[in-house]
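Please look over the sequence and the model shown here before reading the briefing. The points below are grouped by topic.

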Amino acid sequence: MPLSASLTCRLDAPAKLNLCLELLGRRDDGFHHLRSLMATIGLRDTLRVTAEAPGSPVTLKLLGAPHLTRGVPTDGSNLVVRALESLRQEAQIDRGASVQLTKRVPSQAGLGGGSSDAAAALVAGAHVWELGWPRERLMEIGGRLGSDIPFFVAAIADRRRRAAVVAGRGEQVTPTPWVAGLPVVVVKPAGGLSTAAVYGRCQPEDYAGVEGRDRTNDAATALASGDWRRLATTLRNHLQPAAVRLAPWLEGVRRAFDRCGCAGHQLSGSGSAYFGLFPTMSEARRAAVRLRALRVGQTLATTIG
Ligand SMILES: C[C@@](CO)(OP(=O)(O)O)[C@H](O)COP(=O)(O)OP(=O)(O)OC[C@H]1O[C@@H](n2ccc(N)nc2=O)[C@H](O)[C@@H]1O
Ligand SMILES: Nc1ncnc2c1ncn2[C@@H]1O[C@H](COP(=O)(O)OP(=O)(O)O)[C@@H](O)[C@H]1O
């Protein structure tokens, strides 16, 4: 078989929002049981993976604005390198890869940037190394590297899967219908938050009474119908109280969204990014202008999908 040493794959690695995130309890392994409605948005990193000859290493070149690449590792601890190393170990091959990663998604934001990069690396790596593996196998490998990675593998491999209800510790992914183009405004404050630190600050009181209504299911129904007003009423994030305890300045971001007349807003994942839903793109853009004037953080008007 001829070696396609120059085979290259270029993929977008989108950010996500947690439109609803409910914690159901703490597991014996320290992780939390959750259910969450996740959806990608129009903010994305770009990954270019080129197959290299057998015996070559996996190398990474990081591109992007300094405020976006600061703190992102370029060595073997980068999730892209870890994903490709896992893939070639699983496939028992020694082909190399050179990767160019352009960061646009801020880190420590709850937007899943690193997880999405890892997922894109798995999909691109399987392609350039001509493994021919099904999506499910890549999701399983991704799930060993991070709870959010299986969602992104599904979303990147098939754009119809860009919204999903996730369960377990996040690795059980059930795609759900979504209507393209729902406007959102995302604010990334200057400070970031570590996922482990936020989960570590979580208390059972933060999610007491969750046994009742399944808000994640309600949110999924609202997203499927494209009904932003209904979606705004189903927003919930059980990690928000812990994030606010760690970073009280998040209250300022919440108040800024209130001042913009936004009907539904909350933290994404473990933060520190915060988002609001809007009925039209022009209203989202107007709100983004007001939020920029309030200097709460990097602000972007975009859409779900
Ligand atoms: C909070 C969420 C919501 O989508 O995303 P982010 O805010 O990180 O984007 C996820 O649950 C984050 O998933 P991910 O970022 O993949 O985290 P992992 O690497 O698997 O875990 C990091 C740490 O978070 C805690 N953790 C994570 C997932 C989970 N269900 N329970 C946990 O308690 C554990 O302490 C773990 O050591
Ligand atoms: N490709 C990557 N992009 C961003 N961060 C990465 C990457 N690989 C490893 N990391 C590390 O993982 C951490 C979490 O990734 P990040 O994208 O910030 O996730 P989230 O914002 O969802 O918590 C980062 O703070 C960084 O130290």
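For "active site", an unreviewed UniProt entry lists Lys16 and Asp148; UniProt positions are given in the numbering used here, feature names are shortened, and annotations may be inferred rather than shown by experiment. The two residues span 133 residues in sequence, yet no two of their C-alpha atoms are more than 9.7 Å apart, so they gather at one spot. This is a predicted model, in which local features need pLDDT of at least 70 and side-chain atom pairs count only at pLDDT 80 or more, while totals for chains, interfaces and linings use all residues. Residues are numbered from 1 along each chain as its sequence is written, and chains are lettered from A and ligands numbered from 1 in the order in which they are written.

**The two listed residues**

- Lys16 is found in strand S1 (residues 8-26), where helices (H or I, at least four residues) and strands (E, at least two) are DSSP runs numbered from the N terminus.
- Lys16 counts as buried because it has 29 C-beta neighbours inside 10 Å; a residue is buried if 20 or more other C-beta atoms lie within 10 Å of its own, exposed if 12 or fewer, and partly exposed in between, with C-beta atoms placed from the backbone.
- Not counting residues up to four places away in sequence, Lys16 touches Met38, Ala39, Thr40, Ile41, Leu111 and Gly112, contact being defined as C-beta atoms, placed from the backbone, within 7 Å.
- Asp148 lies in the loop between helix H4 (135-145) and helix H5 (149-157), and Asp148 is buried, with 27 other C-beta atoms within 10 Å.
- With residues up to four places away in sequence again left out, Asp148 touches Gly112, Ser115 and Gly170.

**Domains**

- The protein is divided into domain 1 (8-175) and domain 2 (183-303), with bounds from an automatic or database domain assignment.
- In domain 1, 25 residues are in contact with 34 residues of domain 2.

Terms used. Two residues are in contact if their C-beta atoms, placed from the backbone, lie within 7 Å.
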